[in-house]
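Here is a short briefing for a reader new to this structure. Please have the sequence and the 3D view ready.

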Amino acid sequence: MGSQHKGITPQEIEDTPDYSSEAVFRRNTLRPRSYYIPKTSLLLNGQWDFHYALSPLEAPEPVPAEPSRDDGWTTLQVPGHWQLQGHGIPHYTNVQFPIPVCPPYVPTENPTGSYRRTFHVPSSWESDSQLRLRFDGVDSAYHVWVNGVLIGYAQGSRNASEFDVSPYVDRNGPNEVFVRVYQWSDGTYIEDQDQWWLSGIFRDVHLIALPAKSRLEDWFLRTDLDGDYRNGTLHATVHVTTESAVAVKVTVSELPKNGGGEISSTEGTLTSNGKIELSIPIQSPHKWTAETPYLYRIDISLSKDGSEVQVVHLKTGFRKVELKNGLICVNGKAIKFSGVNRHDHHPRFGRAVPLDFIEKDLLLMKTHNINALRCSHYPSHPKLLDIADELGLWVIDEADLECHGFYDAIARPQDIPEEMDYEERKKLTFPPAAKYTSDNPSWKDAYLDRMVQMVQRDKNHASIIIWSLGNEAFYGQNQKAMYEYTKEFDPGRLVHYEGDPQAESADMYSFMYPPVAELIELSKTRGVNADGTFDKPVILCEYCHAMGNGPGWLEDYEEAFRTNPRLQGGFIWEWANHGLWKEDADGRKYYAYGGDFGDTPNDGAFVMDGLLYSTHKPTPGLLELKKVIQPLQLGVEGEEIVIRNLYDFVGLDHLTATYKVEEFGESATLLASGTLDLPEIAPGTSTNVPFPAAISSVLSQKEVHLTVFFHLRNTTSWAEAGHVIAWFQHQISKSEPVPLTSSLSRVSSQIFCEDIGAKTIINGHDFSFVFDRARGYLTSWTAGDEPLLEADPATGAALIPSFWRAPTDNDRALSLTYWKRFGVNTLTSQLRSSSITSTEDSVEITTIIFHTPPILSWGFLATTKYTISATGTLIVAVSLKPSGLAPKHVPRAGLNLRLPRRLDAVKWHGLGPGESYPDKQAAQHIGVWAVDSVAELQTPYEVPQENANRMATRWVSLSDARGSQSGGLRAIAGDAADWSANSERLFSFLATRHSAATLEAASHPCDLVEGAEDATILRLDAKVAGVGTDACGPGVREDLLVAVEDMSFSFVLEAV
C-alpha cells in the first residue's frame, strides 16, 4: 500500500513553494479528459475534518492521527468554502487585486485549509483496477496526500485534476486522503474575476475505478454535415490504454424517449496504447440547435476476446459550426444570440452550487426567451453542459483566466482618470498590463494549461459552439498560443476573446458596453474590407449591465441587432446578483456585498448586478428582457396583425395564439376572447393575420385594447403547454374624458374662505383645505372628517412641486454627482407672491414660488394654481420656468404628496402590474390594476434605490385598506391646455412608505424600517427619467432625460 511509495517532493523547484511559481501548476496529474464519472466511483463529498491556519507553515502535517479540536481541528462540508463556514471572511473585488501585485509571489499571510477524511475501496471493484482521485474544483491551489504520501499538486480553481492513487491505496482497509489548500497562489493573478474570493474544495471529489489493463482513456466526438446540411457523419477519436488487442465499437442510437432504436455502428481494433479514428455516416439526422435540441445516444464499448471490458454512454447532437459569409452559422444558417453571462453562485454556498439550483437557472433562461449562455469567466459546473445540451442553449465556454487587476496597478500610479475616453485609457495601460502575465513567455504554459483543461473536459457537448480564451486579460503572445492550440485541436468550433481588439486570435469581434450608435459604427468599420465585405461578425460579450433598477437600452440594442445582420446579438451582464446571506449580531439579516464582511479593499455593491436577485428569483429586468427578445416581432397594419418570425430555425407550428379584447374604465371588462389561426411562417419571414372578427362588433366609449398571446402548444423539456412565449397589445379605441366621481356623487355647496393668522382655511360641505400663506403651500386637506393630505415634516407642505428622487445604482456613476452638484436634492422655496380669488362655485389660489438650492443661483420659478370646486375637488396646475446656471436635466418633474398611512390600497389604470420607466416598460401592459397595500408596489432591490414607478397612468386612487367606504383620494390628469408637452396627458405615479432620503441612506432592505414614515408618500409626475445602464455602460438616452426647460402640467385630485 501507500507507505511503500515515496510520492513527490514537497517542492518542484528548490526553495520555492509550488504555489509561488508560474512554472509549477500541475504535478503528477493525469492527462485531462472528457468529464465522465463511471458507475465504479465513490463520491467523497460530505463532512471532512478541517483545520484553518493563517499560513502554510502553521498548517498541520499530513500524518495519520485522530483529529482533535484542541489542535484546531473541526469539520467542514465538502463541497463548500471555508469563508462561508466560519473561517476567514468572504472578500469581493471587481477589478482590483485584494493582494499586492507582485506576481508570482503571494502574501506571507496565506490562509491555508487542511482537509482530511477516510475512505474504503468498495469490495465489488476489481482488485487490480486503476484508482483515480478526482477533484473538480479547488480554490486556489492544493497539495494532496494519500496515506501520508504526497502524490500531487494542482491549481486552476475551476479546472479538474485527477491523480493516479493506485499504488498508495490499501484496497482492504481504511485510507486517508489529506488535502492542503492555499487561499493565494500565483494562479490568483490570473483568476481575478468579478466575484467573491472564496476558498476551498467547492466541487465534487470522487474516487474512480477503471479497468487496469485495457480501458477507454478519452474520446472526442465531432459531427459534420454535408454541403446541403442534410446528411451527417459522426467522427469519434477514442484513446485507449491496453496491453493486448482490443476492439473499440461506437454505436449511434435514438434516445429512449425517441424509441431507443439502434441507427448505426462501426468498430476497429488496437493492439497497444494509442488512439483510433472511427466514423459513422448518418442519413438525414435530426439537427441539433438551441431551438431544436435533438440528441442521440452514443455508446463506446471496449472488448477483449469478445468480452466487453468497458462501455461509456454519451449523448450528442448533429450540428455544424462555421464562419460563413463573415457570420457565425450553425447548420448553414446565421444565428443571433439573446444571451446572458452566468457565474456559478449560490447565496449561501457561494460557488458550491447544487445541481438542482443550476438546473433551475437554465430553466429560467429558457422560459424567458434566452437562447445563449456565456460561462463567465471560467468553466462552470461540468453537469451544467448536460442540461444545456438537453434544453437547447448556445454556449460560450470560457477559460478560467482573468487578470484585470493589472490595470489598476498601472493606472493608479499614473492617476489616469476614469472619465478619460476608454480607448485612450487602454492605449496607456493595456500594453504594460499585459507584460505581467499575458505577454510574458514565462506564463505561457500556465495560460495554455487553462485552455487545455477546459477544452478537454467539455469537448463533447453539442451546446458549446464557441470557446473563449478568458476575459479581461489584455492581449499578448500567450493568448495567441491558446488560440493556435484550440484551432488545431478543435477546428469545428469558433474562438472568442474580447481582449483582442483586432480579432487576430479570435473568430469574431467582441465588445463590451459600447453605446448603440458606436456599436453600429463599429459594425460598419471594424474589419470591413474596401469593398464593404467582412470576414468576421460582431457580438457583444457583455452589454446592458443589469445593476439594480435597470437595465435600460434593451429595445435600442435589440433594434440594432435586428436591423444590422453583422451584429449577431450579445450577452447581458449578468444573470444574477452575488449577495451572500448574512445575519449580524444585532439581528440585521440581508444579502451582503463588498465591505459587509469587513473586507478591504472592496468594490461594494458592484457584485449586485444581475437579472435575478441573490435568491435567483427574477427581477423586473429579466421580465423586461423576456419581452424585448421575444422571438416574434409583432405589430399592426390597418386591421391586421403583423407577425414576423424571429426564430433562426423553426416555424411557429409549436405555438398557439389567443386573444382578448378588454374595455378599461373603473374596472376591466372582457368584451371578447378566442384563438387565432396561425399560418405557416418560416424563420425570418412575416405574415399578416386579420384582426379577430369579434373586434368589428365592439362599440365602446371607453378605452379598448386587443392583447394577443403566443403560447407553447405542447409541453417541452423546459416549460408546460400554455407557457407564454410572446405577446403584444394594441389600442383599439380611446376613452372619452375621464369623469370626476365627485361630479356624480358628491354634494355641491357654498365655499367659505377665512384667513386665520398666516393660514387660509377653505371650507365647504364635508371638506376643508388649509394653506400656509407665509410659504404658499397647501398644508392639509380633510374630507368627511378624514385627512387626505397632511404636512410633510421636512417641508411643511402637503403637496409641493418636486424634481428629486432616490438615486438608482445607474445614477451613481455620473448623474447623482451631477444632480447634487446643482443641489437638485436640496431645493428650498421662496414665496414671491400669492393671490386668492373666489366665485360662487370655486376658490382659486395662485402662488409664485422660486425653488432654488443653497449656494447656487439657479432655480425653477413655479406658478401654481390651486382651484377648489364646490364639490371639494382640487385642481393643481403648475407652470415651471427655469432660470440661472441650471443643470441640463433632473431626475423627474411632478408633485410630492403626503397622505395618511391608512390610505394603503392602490388601484390604477395604466401600465402594470410591475414598475415602468421610459426605457424599461416593454414588459408591462395597459390594464386596471389593484393592490391591497403600498408595500406590494415596491420592488425589493437588494440595494435600496428608486423603484416602483408606474407609467402611462390614466388615473390612480388610494383608499383605506380596512374597507372604509370614504376618505380615499383619486388623481387624474388635468386639462390638456395645462400640459405643455404631453398631449395624451399620461402621467407616472409612485406610492411608497419611504422617502427619497431614507432609500438613499439605506444599505440593505433591512434598513428600511416599516413605519419610519408614518404616511403614504405619493408622487404624481409629468416626466420621469429613464434608468439607463450607467453603472457600466451608456447612461440614459438623451431624449429620455427630464430636460430643464419650460413646462406645465396639472392634476385633478378628488376625495372618493
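Leaving aside neighbours within four places in sequence, threonine 867 is in contact with Ser842, Val843, Glu844, Thr873, Leu874 and Ile875; contact means heavy atoms within 4.5 Å. This is a predicted model, where local features need pLDDT of at least 70, side-chain atom pairs count only at pLDDT 80 or more, and totals for chains, interfaces and linings use all residues. Residues are numbered from 1 along each chain as its sequence is written, and side-chain values use heavy atoms, with hydrogens and water left out.

**Threonine 867**
- Threonine 867 lies in strand 51, residues 859–869.
- Helices (H or I, at least four residues) and strands (E, at least two) are DSSP runs, numbered from the N terminus.
- Threonine 867 counts as buried because its relative accessibility is 17%.
- Buried means under 20% relative accessible area, exposed over 50%, and partly exposed in between (1.4 Å probe, protein chains only).

**Nonpolar cores**
- A nonpolar core is a set of buried Ala, Val, Leu, Ile, Met, Phe, Trp, Tyr and Cys residues joined through side-chain atoms within 4.5 Å.
- The largest such core has 136 residues, of which Phe337, Leu362, Trp394 and Trp575 touch the most other members.
- Helix 5 (residues 444–458) gives the most to this core, with six residues.
- A second, separate core of 63 residues includes Ile751, Phe767, Ala893 and Val1042.
- Beyond its neighbours within four places in sequence, leucine 362 is in contact with Leu373, Leu384, Ile387, Ala388, Leu391 and Leu393.

**Helix 8**
- Helix 8 spans residues 554–563, and its buried residues are Leu554, Asp556, Tyr557, Glu558, Ala560 and Phe561.
- These buried residues pack against strand 26 (337–342), helix 7 (516–525), strand 32 (538–543), strand 33 (567–572) and helix 9 (620–628).

- Two strands pair if DSSP finds at least two bridges between them.
- Strand 21 (residues 296–304) pairs with strand 22 in the antiparallel sense over nine bridges.
- Arginine 297 has lysine 315 in strand 22 as its bridge partner.

- Strand 36 and strand 37 (residues 640–645) run antiparallel, joined by six bridges.
- Glycine 635 stands opposite valine 642 in strand 37.
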